Amino acid sequence: MVRRSGLYGAVAAGGFRRYATYGTATAAGVFTNTAFGFILAYTYIALWDERPGLGGYDQSEALTFMWVSQALLAAGALIGGGFQEEFQERVRTGDIAVDLYRPADLQLWWLAGDLGRAAFQLLGRGVVPLVVGALAFQLALPTAPLRWLLFLVSVFLGLVVSFALRYLLGLAAFWLMDGAGINMMATVVSIFFSGMLLPLTVFPGGFGEFVRVLPWAAMLQVPVDVLLGGGAGGAGAASTAGAMGFQAAWAVVLLGLGRLLQAAATRKVVVQGG
């Protein structure tokens, strides 16, 4: 058990170092996130000037939501940039057979590597845009260390949910062979249903309630609400616990689905002689 934990820890560290080598790409990403953040910030200001309290947030909370979203964008691979494209390519070329021969669990191997990638993106591309946003605008960032700790736990759960969804996309390549189409569709869904453009609480009625129970909400909407105090307007400890339970439940369900699909895909490889 200890040896396996060390193995996956090494894989995660390798994922971190791998993305840390792309300094120019990271700098470009920081600039892009920051510039796009300013565009969205002034859009949010105009919108909340017209509709104060929209979605249950005041203007400072809405701006906080937007800037934290920019900080989590790359880490959660909300618009691509995760492991799934590489995974799909390994399926297409047959290199996935090497992964299956490793004395390690396939799902945990890729999860560890993706968490290492996400950790670097959170530090490398997330901190600077958030700091710039905090300096340029009045944000509702908490001062209590416990709130930040809960936020980091929620971010971790959101990253696991993100991985689990993208792992299903990767496994789909065993049947589709080319993942470009499904990746594009998944990106559009992620942008719309994660809260990346607007908080999901803005959506009205039954549709708003529906999108808030989908797994994409666990990737972005929930972590930001945890940072703000458990929900739109700061709903407190009970709401925070419920929100994190929601994330954990989706993580278990999606990882379990990944296990089932992985077993089916492995049988397919054996049948094909891979």
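Q: Where is Thr-26 found?
A: Thr-26 is in helix 2. This is a predicted model.

Q: Buried or exposed?
A: Thr-26 counts as buried, because its relative accessibility is 13% and the cut-off for buried is under 20%.

Q: What does Thr-26 touch, not counting residues up to four places away in sequence?
A: The contacts of Thr-26 are Tyr-19, Phe-120, Gly-124 and Arg-125.

Q: Which other residues of helix 2 are buried?
A: Besides Thr-26, the buried residues of helix 2 include Gly-29, Val-30, Asn-33, Thr-34 and Gly-37. Leu-40, Ala-41, Tyr-44, Ile-45 and Trp-48 are also on that list.

Q: How many residues does helix 2 have, and what span does it reach?
A: Helix 2 has 28 residues and spans 41 Å from first C-alpha to last. That is close to the 40 Å expected at 1.5 Å a residue.

Q: Switching to rings. How many aromatic pairs are in the whole structure?
A: The search finds 23 aromatic pairs. Take Phe-38 and Phe-137: the ring centres are 5.5 Å apart and the planes are at 50 degrees, so this pair is tilted.

Q: Where do Phe-38 and Phe-137 sit in the chain?
A: Phe-38 is in helix 2, and Phe-137 is in the loop between helix 6 and helix 7. The two are 99 residues apart, and the pair links distant parts of the chain.

Q: And their accessible area?
A: Phe-38 is partly exposed at 26% relative accessible area, while Phe-137 is buried at 11%.

Q: What about Phe-87 and Tyr-167?
A: Phe-87 and Tyr-167 form an edge-to-face pair, with 5.6 Å between centres and 65 degrees between planes. Phe-87 lies in helix 4 and Tyr-167 in helix 7, so the pair ties together parts that are 80 residues apart in sequence. Phe-87 is buried with a relative accessible area of 0%, and Tyr-167 is buried at 1%.

Q: Which residues are in the aromatic cluster with them?
A: Phe-83, Trp-110 and Phe-163 form one aromatic cluster with Phe-87 and Tyr-167.

Q: OK, charges. How many salt bridges?
A: The count is seven salt bridges. One of them joins Arg-259 and Asp-105, with the closest N and O atoms 2.5 Å apart. Arg-259 lies in helix 11 and Asp-105 in the loop between helix 5 and helix 6, so the pair ties together parts 154 residues apart in sequence.

Q: Are Arg-259 and Asp-105 buried or partly exposed?
A: Arg-259 is partly exposed at 36% relative accessibility, whereas Asp-105 is buried at 18%.

Q: What about Arg-117 and Asp-114?
A: Their side chains meet in a salt bridge at 2.8 Å, N to O. Arg-117 and Asp-114 are three residues apart in helix 6, so they are separated by about one helical turn. Arg-117 is buried at 2% relative accessible area, and Asp-114 is buried at 3%.

Q: Which residues are linked in a network of salt bridges?
A: Arg-90, Asp-99 and Arg-102 are linked in a network. Within it, the closest N and O atoms of Asp-99 and Arg-102 are 2.5 Å apart. Asp-99 is buried at 2% relative accessible area, and Arg-102 is partly exposed at 27%.

Q: Last one. Which residues form the nonpolar patch on the surface?
A: Phe-16, Leu-123, Val-127, Val-131 and Leu-135 form the patch, with about 470 Å² of accessible area together. Helix 6 gives the largest share, four residues. Val-131 is in helix 6 and is partly exposed at 43% relative accessibility.

How values were computed
Residues are numbered from 1 along each chain as its sequence is written. This is a predicted model: local features need pLDDT of at least 70, side-chain atom pairs count only at pLDDT 80 or more; totals for chains, interfaces and linings use all residues. Side-chain values use heavy atoms; hydrogens and water are left out. Rings of Phe, Tyr and Trp (its six-membered ring) pair if their centres lie within 6.5 Å; planes under 30 degrees apart count as stacked, over 60 as edge-to-face and the rest as tilted. Buried means under 20% relative accessible area, exposed over 50%, partly exposed in between (1.4 Å probe, protein chains only). Patches are made of residues with over 30% relative accessible area and no salt bridge: like charges are joined within 9 Å, nonpolar side chains (Val, Leu, Ile, Met, Phe, Trp, Tyr) within 5 Å. Accessible areas come from the Shrake-Rupley method with a 1.4 Å probe; for residues, only the protein chains shown count as cover. A salt bridge is a side-chain nitrogen of Lys or Arg within 4 Å of a carboxyl oxygen of Asp or Glu. The expected span of a helix is 1.5 Å times one less than its number of residues. Contact means heavy atoms within 4.5 Å.
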